[in-house]
Amino acid sequence: MARLIRKRETLLFLIIVVMIAIFSTRAADFATPDNLAGIFNDTSILIILALAQMTVILTKSIDLSVAANLAFTGMAIAMMNAAYPDLPLVVLILMAIVIGACLGAINGFLVWALEIPPIVVTLGTLTIYRGMAFVLSGGAWVNAHQMTPIFLSVPRMPILGLPVLGWVGIVIVLLMYVLLRYTQFGRSAYATGGNPTAAVYAGIDTGWTKFLAFVLSGALAGLSSYLWVSRYAVAYVDIANGFELDSVAACVIGGISIAGGVGSVAGTVLGALFLGVIKNALPVIGISPFTQMAISGTVIILAVAFNARRERNRGRIILRDRAAAEIKTEAAA
């Protein structure tokens, strides 16, 4: 039991369960299946963005432009839907994914080919993509009455008690699990972040791996743009403002190492759900948004400290085992 609790994902899951139990004492309906399904549905976009962020962080990079990517792409497809209402929804969704992937490819190219630090690149493109959204729209909003009914209704359609938005989140989680665990790209991503020098000697093109990670991050941000715009029935320049930090927070809380090469899909999903439960619960029990920000920031710092301590302990274990092996070898000689 002790070994099970020491596992990061299990401990985080238990913390979420305890939080739900505590919050339900203040709000009787908080722990009902319908409300929990609603929390998961509301958190689905953050889960997708967090998985996008995780892919990049695994390669020892970071993408601070995911939310700006979402804003520009969401504005583009909302305006397209308003201007060409007969355009099939599938085409609009594919356009969103392609536009997002192209914006991600710009980040990846600058990091890969020009070797500019990822935090510098994505901090710059964060501002650029937001600016592009403003230029594209002229600062105007695209409101619900300008969008087609099918554009707005699909993510909200319930299937087996959960809206399509929630099911999309589940499908993305499963696909990312398979991609990172069972494919060459997944192994390359972990190796690139975990030990870049060894990865190069093993024949892995670390630059290309980082490029693909940014492209995938952009594609998921593009998909999220449609889900966001249709979910909230509005597109404007500042949508998802601050979500880039929430996506990083979800990864850190879920045990993804900022140093790269360490983390799991399950941890990222639980990290996003942790934030989702907090954001849904704190207003119910009367805590102000500013206090919520302070609580979230405190949790992030504690998670980073926990991760750093775990990495130090792991290093000590490796050194201890190596020393023991050397002693045995000397004794045998």
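Buried means under 20% relative accessible area, exposed means over 50%, and partly exposed lies in between, with a 1.4 Å probe and protein chains only. Keep those cut-offs at hand for the tour.

This is a predicted model, in which local features need pLDDT of at least 70, side-chain atom pairs count only at pLDDT 80 or more, and totals for chains, interfaces and linings use all residues. Residues are numbered from 1 along each chain as its sequence is written, and side-chain values use heavy atoms, with hydrogens and water left out.

**Stop 1: the whole chain**

Show the cartoon. The chain has 14 helices and 4 strands. These are DSSP runs, numbered from the N terminus: helices are H or I with at least four residues, strands are E with at least two. Of the 333 residues, 47% are buried.

Accessible areas come from the Shrake-Rupley method with a 1.4 Å probe; for residues, only the protein chains shown count as cover.

Next, contacts. A contact means heavy atoms within 4.5 Å. Among contacts in the chain with a separation of 6 or more, 78% join residues 24 or more positions apart.

**Stop 2: the annotated segments**

An unreviewed UniProt entry gives the feature "transmembrane region" at several places, including residues 37-59, 119-142 and 250-278. UniProt positions are given in the numbering used here, feature names are shortened, and annotations may be inferred rather than shown by experiment.

Select residues 37-59. This stretch is 96% helix and 0% strand. Its end C-alpha atoms are 33 Å apart.

Then select residues 119-142. Here the chain is 79% helix and 4% strand, with end C-alpha atoms 31 Å apart.

**Stop 3: two salt bridges**

Side chains of opposite charge can pair when their charged atoms come close. A salt bridge is a side-chain nitrogen of Lys or Arg within 4 Å of a carboxyl oxygen of Asp or Glu. How many salt bridges does the structure hold? There are 2.

Select Asp42 and Arg231. Their side chains meet in a salt bridge, at 2.4 Å from N to O. The pair links distant parts of the chain: Asp42 is in helix H3 (residues 33-58) and Arg231 is in helix H11 (residues 206-232), 189 residues apart. Asp42 has 33% relative accessibility, so it counts as partly exposed. Arg231 is partly exposed too, at 25%.

Move on to Lys279 and Asp246. The closest N and O atoms of this salt bridge are 2.5 Å apart. This pair also links distant parts of the chain: Lys279 sits in helix H13 (residues 265-284) and Asp246 in helix H12 (residues 243-253), 33 residues apart. Buried or partly exposed: which is Lys279, and which is Asp246? Lys279 is partly exposed because its relative accessible area is 34%. Asp246 is buried because its relative accessibility is 16%.

**Stop 4: helix H12**

Because 10 of its 11 residues are buried, H12 is largely enclosed by the rest of the structure. Among the buried residues are Phe243, Glu244, Val248 and Ile253. Cys251 is buried as well, with a relative accessible area of 0%. Just after H12, pick Gly255, which takes a positive phi of about 95°.

**Stop 5: cysteines**

A disulfide is a covalent bond between the sulfur atoms of two cysteines. The search takes a pair of cysteine sulfur atoms within 2.5 Å as a disulfide. It finds 0 in the whole structure. Select Cys102 to see a partly exposed cysteine, at 45% relative accessibility.

**Stop 6: a nonpolar surface patch**

Select Phe13, Leu14 and Val17. They form a nonpolar patch on the surface, with about 250 Å² of accessible area together. Patches are made of residues with over 30% relative accessible area and no salt bridge: like charges are joined within 9 Å, nonpolar side chains (Val, Leu, Ile, Met, Phe, Trp, Tyr) within 5 Å. Leu14 belongs to helix H2 (residues 8-26). Leu14 is partly exposed, at 35% relative accessibility.

**Stop 7**

Find Phe134 in helix H6 (residues 118-137). Phe134 is partly exposed, at 48% relative accessibility. Leaving aside neighbours within four places in sequence, Phe134 is in contact with Gly139 and Val237.

End at Thr148, in the loop between strand S1 (142-143) and helix H7 (149-153). Thr148 is buried, at 12% relative accessible area. Beyond its neighbours within four places in sequence, Thr148 is in contact with Asn81 and Pro85.
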